[in-house]
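Biologist: I am new to this structure and would like a short tour. Could we look at it together?

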Amino acid sequence: MKKVLTFLFLLPFSVFSQTFSTNTIVHIPDLGGPQYDSLIVSGLPTTIDSTFGLAGVCLDINHTYVGDLTIRLKSPNGNSLFLVDRVGGGGNDFSGTCLAENGSSGLISNGTAPFTGTYIPFETLNQLNNGQDPNGTWLLIVEDLASQDSGDVINFSLTFSINPPPNPGPPPILCAFCDCPGGVPPCDLLPDMTASALSISKNINSVTHHSTFEIPGNLNFDNATPNIGWGPIEIIGVDSCYCGTTLVPCTTSTCPNGLQVKQVVHQVIYHKPDASDTLTSYERTTGFMSYHPQHGHIHVDHWGDFTLRTATANPDATTWPVVGTGSKISFCLVNLGTCDGQPGYCVDTNGNVLNNASIPNDGFGFYTGCGDHQGIYVGSLDIYSSSLNTGIDLTGVCNGNYHIVSITDSANNFLETNELNNWVAVPVTLYKQDPTANFVVKKKQLLQVIDSATNLFNVTSYSWDFGDGSPLVFNTNPVTHNFPSSGTYAVTLTVISPCGIGTFIKTDSVTVIATGVNALTTNDVLMTATPNPASEIIDVNYKLPQTAFTSIELFDITGKRILSFVNGKELQGLHSFKINIKDNGIKNGTYLLQLITGESRFVQKIEVQ
């Protein structure tokens, strides 16, 4: 399908202009990533600037929900800007839509679909009139960021002219319904960003308190940040970017060390000076946001942080000990819901559920999206679904009762009406974090085997006992072992975990069969150590099935030898000795007492308290 361009003559561009167009249809799949429509520009002067440059972009796009779309323009030298950033709500299509700095239809961000006419783009076209060479391939980059809708780019064009329209001056800021706290101006209309307990607890069973998104090693959930204040949370990136502490051009996509470029952020504060409908505004520096080139979005740093904590008597959950950490850098400050649309998400400091009608200045705000200018309106909220979160890392965390503590703007970068109500604590019970371990024989050749531990989870350390009198092998996976002779050997993997009462040890075993006669097994050896746990003296008794060279040594759980008690030939029969804990400087902890005699081995776990 091709469409003839008929709208170029409607543009308020100079007659000294040149237009390039393409009508190649490009499909926009649902959640399909960036889609590229290319246009070749040639024959122009090698420099575009304020005297001759890009004056306008026109396009036709059929789409059933234009609020899902971001549309970017990328120049031949790699510079890019957002023309459109998820505007127009649930309406359809950009039909004969042009974007220019003197657009008579006003800001595209304030328009409604279907878009027809000339609008001021989301970011100024004059960012590209920066002295670069316009000749080459230009890209229109369109991406669908939500489910259930798709469409097609039908065509787009670029117009270059002398004296391209300058950036428009700031429009008057009007809000007829905006009021001050207490009803008496002057005042700053500040946001009040909170965290939603209900958005988190929706993923937790109300009867068992188990999270439906818990897996071994990770806990996931939805997270939401409602604005219940008097003004929008609104930020704008300024032309000041860094790789670490080095100032770099904001056109830099990735730092040399592979980290993301940090851009300085200003918070826009709206001010009501008097009883009229006209507002003023000012900006304040509030931290950084990061550009993520893989999807062309800008994320506000440390917007929503969450942790797993153990409760204390202190009512302030932000002081509780942290046992698991997670962080969700904002996927953009964007309106993804309202207090009415998500009942129970908006709650005041007294625990009262708020609806939109109960929030003064509800709906107040100008910018929302994923570009340099972002925000969340009054009475709206951003939602990070569990599918977007990396969740909380549960490495080393045991089953038990905890709280998920979610903090909005944890660094307190943003100015708000209330800086103390931006966190919630939601109880959760972990039940999938039991330590697990097993092993398999990966390869067996003559008297050599390779054993591989599998499903090692929540493990502090582990050791291999091959049942042939050889020393223990600690924390090696996979491990290769050569047996001394043909026989049947008991191979044991001993795992020490931080979970349980004291230290939990899980043992799995397998028999490795070579050929020939059976070897002596550990069943012929008996060793006891009492009391256990112990704090002063340990009595060790052991029985040898035959006269043999014998060694008895004490190891800590990392495999470090602590003491040697027996090392020489001993007679068949019963033997004993004492371990003086204090005299030997043995500290509290878990130890392994190992007896080797002939081809037999016995390992006894000892707890010192």
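Biologist: How many bridges join β15 to strand β25?
Modeller: Four bridges join them, and the two strands run antiparallel. Strands are DSSP runs of E with at least two residues, numbered from the N terminus, and two strands pair if DSSP finds at least two bridges between them. This is a predicted model, in which local features need pLDDT of at least 70, side-chain atom pairs count only at pLDDT 80 or more, and totals for chains, interfaces and linings use all residues. Residues are numbered from 1 along each chain as its sequence is written, and side-chain values use heavy atoms, with hydrogens and water left out.

Biologist: Which residue in β25 stands opposite Ala-224?
Modeller: That residue is Ile-383.

Biologist: What is the strand order in that open sheet of three strands?
Modeller: The order is β15-β25-β23, with antiparallel pairing. β15 (223-226) and β23 (337-338) are at the edges with a single partner strand each, so one side of each has no neighbour in the sheet.

Biologist: Changing topic, how many aromatic pairs are there?
Modeller: The count is 16, where rings of Phe, Tyr and Trp (its six-membered ring) pair if their centres lie within 6.5 Å; planes under 30 degrees apart are stacked, over 60 edge-to-face, and the rest tilted. Among them, Tyr-242 and Phe-288 are edge-to-face, 6.2 Å centre to centre with 90 degrees between the planes.

Biologist: Where do Tyr-242 and Phe-288 lie?
Modeller: Tyr-242 is in strand β16 (residues 233-243) and Phe-288 in strand β19 (residues 278-292), so the pair ties together parts 46 residues apart in sequence.
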